[in-house]
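Q: Could we go through the charged side chains of this structure together?

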Amino acid sequence: MAFDFEALVGHVYVVGGRSLSTQPPGMLVEVAPKKTARGRELDTIFVLTSPSGEGTAPAAFYDEMAIQIAERYFNSTGSVTAGLRAAITAINEALVEHNNSGKRRYEANLLCAVLKDTELFLSRVGAGVAVYLHNSELLQFPTEFANEVALFGTPLGVQSVPDIKMAKYAVTQSSRLLMGDNRLVDLDYERLNNILRAAQITDVIAGVKEMTVTSLSAMAVEFVPPEMPSPDAVKDTRTSSRVPLPSAEPLPNTGASELPAHQSPKRSRESESVMSARFKILIGTATLFIARLLSSFNRILDRILPPPPEGKTSWFRTSTAAVIAILVPVVVVGMVLMLGLGQIDKSGFELCFTEANKTADVARSINTSDRNGVLQGWNAVLSKIDECEDMRSGDPVLAGLTREAQTVKDGLFQVTRRAATLIQAFPNAELTRMVLHGVDLYVLDSQNQLVYRISLTGDGRTAAGNSQPVPAMRFGSVVGQYRVDKLIDIAWSDDATQIVALDKSGLLIECSPRFLQDCQVQKLLRAESWINPIKMTFWQGRLYLLDPGANQVWRYDSTGGSFSSSPIEYFAGDSRPQIQNAVGFGITEDSGVVHIIGADGLITKWNSGKQVGFTYAGFPEGQQLTSANSLFLNSDPIGQALDIADRTTRTIYETTLSGSWIASYQVFKEDDFARLNNAVGDANQQVIYALSGNSVFVIEKQVP
């Protein structure tokens, strides 16, 4: 296929309850011009600007802003996100300069998207919002509409560094995007969900207009193959909406938010080709079969209903015979095609299903004393089940077979398998750090650089309400006289009264959990000596910072409630440990012993900078740690333990503080832990919280 997707575009412009046929001010859809930067030749940009603040500029002001955004993007180089960021920053600088010149002040909201190959990049500044229908799932950008704090960002023209939110999504046939001003949030979400699934994009536009009571500026986009015809109503209202885009190499990760990986376009096209070939074979076979069948049917009719003697009329009505002659072949063709099309899926799946059962029979027949043989047998079963799942997911018999394989393997390795309960998922996020305090769970989204507070119910197993972002703990926020840089980690203060975040410039932000707006900030000294700090913790009034890049743990002593002195090296002297591969650490509350875990899963133990012995013990055969992503040291007297998250094996290991194995936890739906980043145990509730990708899960330590 030479081209991947084109875009059908329409607009919604409602003012005072009246729908206008004209395009909203500040709306633009633009394909790449003839002269454009390398790598932009086949991109398409969608821009929607809208007024913000008290002053509203003439409509031409917002049109010109949209044009400049597009021009600057197509003249930029580098990744899509870099180009968008450069264009938005330039426009913001111009608007800030205008506002500082003493002229009438203008502020603006900006929402734009770029379609490149089979990927869609969204970015916004201010209060614009969007919903994206992809693979039957409706995604909200930049956050859930119920999260009012995060929905209303700082608009263009207010601060020198714009507060840009970005996300990246995969695009498939008939994916739909609705971009609008902040009044889009006021529409009934369930009804909007249904409207976006309408048969035609024109129906979507009409439905949104019907829902809007007061005012709304919005753009509706549907991504379709180039061969699909455009509805006339859409053709008349779009700017440059049918855009041929060729395949391109996947873009590198540039900081844009990622969703779980989707099937590649190449694989999709190969699958379509296979299905097309099968369909042609089916049609050919069916045609030959029908021809033979009709020929036989004709001979039977000649015998049953011979032609009448010359000059006489047949008792069988000519019109009835004509209807039968037409209807019977049609019915036969329909039945053959229905059975044949069903057979395409049925034959492939049933063949795979039969192979899976045969493989399971072989695995069951292996002598249980042959540990490796049993393991290899059931691994083969799971591999075959994965193939079958690609053809037909959710089959209950396959699910039972999967559970049987997991049970056998769990018995071999003494794995404790649990159901993972989703507490909350955040759009386009990558959750990496977690702090638990009572019924409050704080998580750091490293992808979008902000901290959320999740209030839990009394049993700690569900969210009590919507999550709240901590305003001061986000990239670009201004706290006191400082601007927040990239966040490194979060922790609970030593006196258990403040939630604390640290950025790479040494900015320490402390906020009251009762009033998240009540925050204090201080600048740690000699942050320029850090190389790659990844984790912090507090112990007896001191702040410890793990810096694998410097091969060091920095210690800041508290004086009068602040860390006003220079850092002290925890490891002193010429003989220093090699901790460049460290991924986490913790300090025991009673003795101050430091535990450092490496990416290889090994833990070293230190007391006053000197190494003391630490050895894992009691691990079942095949469960030895060989990799790790995080370490949580629980000093709770009733549940002292080390919780180690290992993404490679999708396992959470729990040991005593001395390294003796307690349990290895996995989940039934193993994909839930495919992006496992962190785990924190709660001894009081007897649960473990886990961060995987954009989701927060909880699993039970004990079977209820």
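**Charged pairs and burial**

A: Lysine 535 is buried, at 17% relative accessible area (buried means under 20%, exposed over 50%, partly exposed in between, with a 1.4 Å probe and protein chains only). This is a predicted model, in which local features need pLDDT of at least 70, side-chain atom pairs count only at pLDDT 80 or more, and totals for chains, interfaces and linings use all residues. Residues are numbered from 1 along each chain as its sequence is written, and side-chain values use heavy atoms, leaving out hydrogens and water.

Q: Which residue forms a salt bridge with lysine 535?
A: Aspartate 489 does, with the closest N and O atoms 3.3 Å apart; a salt bridge is a side-chain nitrogen of Lys or Arg within 4 Å of a carboxyl oxygen of Asp or Glu.

Q: Where do aspartate 489 and lysine 535 lie?
A: Aspartate 489 is in strand S20 and lysine 535 in strand S24 (residues 535-539), so the pair ties together parts 46 residues apart in sequence. Strands are DSSP runs (E, at least two residues), numbered from the N terminus.

Q: Is aspartate 489 buried or exposed?
A: Aspartate 489 is buried, with a relative accessible area of 0%.

Q: How many salt bridges are found in the whole structure?
A: The search finds 20. One of them joins arginine 675 to glutamate 430 at 2.4 Å, N to O.

Q: How many residues apart are arginine 675 and glutamate 430?
A: They are 245 residues apart, linking distant parts of the chain. Arginine 675 counts as partly exposed because its relative accessibility is 23%, whereas glutamate 430, at 19%, counts as buried.

How values were computed. Helices (H or I, at least four residues) and strands (E, at least two) are DSSP runs, numbered from the N terminus.
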